[in-house]
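Dear colleague,

I am passing on a structure for you to look at, and my notes come after it. Please read them alongside the coordinates.

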Amino acid sequence: MKRFLRSVLWLLGIHVTALLVFTLFRLVEFIVLHGQITHPDISPAGAFIRGLWFDNVIACYIMVAPLAVVLIAGIAGWSHHWFRRGVTLWLAVFYAIAFMPSAANTPYFAYFFKNINSSIFGWFGYTATTAGMLVEEKGYWLYIALYIALTTAFIWALLRMERVYAKSL
């Protein structure tokens, strides 16, 4: 039972850390784009709560497979190093992918005045052109650097949490 509870706490810590990173991206977006808020009755707190709700849905989709696998392993008493490392790798990769639209939404919204949606998949046919546009525009470098910094910090925290979890076993 102790292993099961530690597994749950490990995954909960990762989940909360990911939500914190998503919130930091939203905070940057709010700071950069707050001048575009035109309606006087808009509540930033309400927007952050809805954003947290949306980010939680994304984080839960990423977490569902590791949660099932880790909880089954916790109940069965498995705690192999390769197993924990595999779960950590899964979470690092999928959260890094999920952080990309969050980082890109600020310059995208500033340019198109709408949030990133499925229409960006139309640009995948022009990968070289799109990548060139992103790298050539010096204004986007800040958001690329922010993505790299926050994703690196998240992965470092992920590895640190895995080490602490492994020691607790």
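This is a predicted model: local features need pLDDT of at least 70, side-chain atom pairs count only at pLDDT 80 or more; totals for chains, interfaces and linings use all residues.

Residues are numbered from 1 along each chain as its sequence is written, and side-chain values use heavy atoms, with hydrogens and water left out.

The protein chain holds five helices and zero strands, where helices (H or I, at least four residues) and strands (E, at least two) are DSSP runs numbered from the N terminus. Of its 169 residues, 30% count as buried, meaning under 20% relative accessible area with a 1.4 Å probe and protein chains only, as against exposed at over 50% and partly exposed in between. Among the contacts (heavy atoms within 4.5 Å) with a separation of 6 or more, 82% are accounted for by residues 24 or more positions apart.

Helix α5, residues 141-168, has 28 residues and reaches 40 Å from its first C-alpha to its last, close to the 40 Å expected at 1.5 Å a residue, the expected span being 1.5 Å times one less than the number of residues. Buried residues in α5 include Y143, Y147, L150, T151, F154, A157, L158 and M161. In general, an α-helix has 3.6 residues a turn, so residues three or four places apart point the same way.

Helix α1 (residues 2-33) contains F30, which counts as partly exposed because its relative accessibility is 30%.

Best regards
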